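Let's take a walk through a structure together. Have a look at the picture first, and then we will go through it step by step.

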Amino acid sequence: MNLKKVLPLKDIVFSLLSSALLLTLTGILLQVKPDKFKSVGEIFLKLNIQTATANAVTSVVAFFRGIDTVGEVTVLFLATSGVVLMLSETQRDSEKNIAQESFILSIGSRLLLSVIVLFGVYIIIHGHLSPGGGFQGGVVIATAFLLLFLANPNLKLRHNILTLGESLSGVTYILVVLVGLFKMNILLGNFLPHPTNEIGELVSGGIVPVIYILVGIKVGSEMSVIVEYFSKEDYHKEVRDV
Amino acid sequence: MFDFFNSIQTIHWIVIVGSMTLFFIGFYGLTTQKNLIKVLVSFSIIESSLFIFFIGLHYKTGLVAPIVDSGLKTFTNMVDPVPQAMILTTIVIGLAILALGLSFGIEYFKLTGKNDISTMDELGG
């Protein structure tokens, strides 16, 4: 048996090249000693007590680097727009074949929906106290809708409510940033009261939980739309093999 | 004998070797696979290797997660929160890119009926 016939020559060359690159890069990286570096994280940890946020990762995401998060939700919004633009054509076609839905799956998924959404909301509003936050909770809420779409193939989300929630949360985020500019003279100033002795309580941290709740609403609605468009894809179409 | 596994050099060594192996598994898939969906999955594997690499290299023994809890009152002896925040951003962006790429792939398949990247010559390539 010839090895060249089982594996094409290109595959062998590529795997050898990958192995050589792997060894080189690993060798270079193993020389690095990260203990030697001083990092900006130590400064953030020192300043973190002033934000009165128990979770330092949240205060970095939503306060110290909050402008980055504005750009991040913009990227997510653009990606959602692209997905909707690409896949909305096929959704009109697939209205024709109406699938039969199971009674038990339909009722069961509706029962589970409230529990999963409640868990997502819990993760969002405790983002400044425990691991989690707006992005994670938003994706948890989107999984609840994914379950609903898998069990009820004919279900349609009310897109005007989703669009309203998504755009209102985005606009409010920008408004919070600008109000910080006008009241504290810096973008994203923490203008709400945030006494440091209340650290660890649910209402603490000033604007940090507000921003993370807004991010949670935005991510939850956007991910739900993405999940809806991908689960509504016409999977009955015959797939021609490569 | 477990001190050896708890030492920071060993953990960094395991993280570097493991994440780089995962990186080149994805790299191999990216260069050899012809199915568009498999190319995107390889891209996703490369991304996850970078997440493991970043988070793993900033782990240090004896430090805790950067969250003040009932027992802790000050932000000392904690790991660096910045890599975790950056990787949180990267995961979301990676998810957005994957969703957008998959939707482009689905639309291309619907228009032309092929998902083999070596036969994509609509632009005269």
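Predicted model: local features only at pLDDT ≥ 70, side-chain atom pairs only at ≥ 80, totals over all residues.

In chain B, where is confidence lowest, and where is it highest? The lowest mean in chain B, 77, belongs to helix 1 (residues 2–6) of chain B, while helix 3 (residues 36–57) of chain B has the highest, at 92. Averaged over chain B, the pLDDT is 86, and 98% of the residues score at least 70. For the model, the ipTM is 0.84 and the pTM is 0.83.

Now turn to chain A. You will find nine helices there and zero strands. Of its 242 residues, 35% count as buried. If you take the contacts in chain A between residues at least 6 apart in sequence, 75% of them join residues at least 24 apart.

Let's pick out one element, helix 8 (residues 159–184) of chain A. With 26 residues at 1.5 Å a residue, this helix should span 38 Å, and its end C-alpha atoms are 37 Å apart, so the two values agree. The buried residues of helix 8 of chain A are Glu166(A), Ser169(A), Gly170(A), Tyr173(A) and Gly180(A). Here is a handy idea for looking at such a list: an α-helix has 3.6 residues a turn, so residues three or four places apart point the same way. After helix 8 of chain A comes Asn185(A), with a positive phi near 65°.

Next, see how the two chains meet. On one side are 44 residues of chain A, in contact with 40 residues of chain B. Helix 2 (9–30), helix 3 (40–51), helix 4 (56–64) and helix 5 (66–93) of chain A each supply at least two residues to the side that touches chain B. Sorted by class, that side of chain A has 27 nonpolar, 11 polar and six charged residues.

Finally, look for the largest nonpolar core, which has 61 residues. Which of them touch the most other members? They are Ala56(A), Val60(A), Val83(A) and Ile211(A). Among the elements that give two or more residues to this core are helix 9 (207–231) of chain A and helix 4 (81–112) of chain B. Helix 9 of chain A gives the most, with 14 residues. Leaving aside neighbours within four places in sequence, Ala56(A) has contacts that include Phe44(A) and Leu45(A), as well as Pro66(B) and Phe75(B). A second, separate core has five residues, including Ile16(B) and Phe23(B).

Terms used
Residues numbered from 1 in each chain as written. Chains lettered and ligands numbered in written order. Contact = placed C-beta atoms within 7 Å. Helix = DSSP H or I, 4+ residues; strand = E, 2+ residues; numbered from the N terminus. Nonpolar A, V, L, I, M, F, W, Y, C, P; charged D, E, K, R; others polar. Expected span 1.5 Å × (residues − 1). Buried ≥ 20, exposed ≤ 12 C-beta atoms within 10 Å, placed from the backbone. pLDDT = per-residue confidence, 0-100. Core = buried A, V, L, I, M, F, W, Y, C linked by C-beta atoms within 7 Å.
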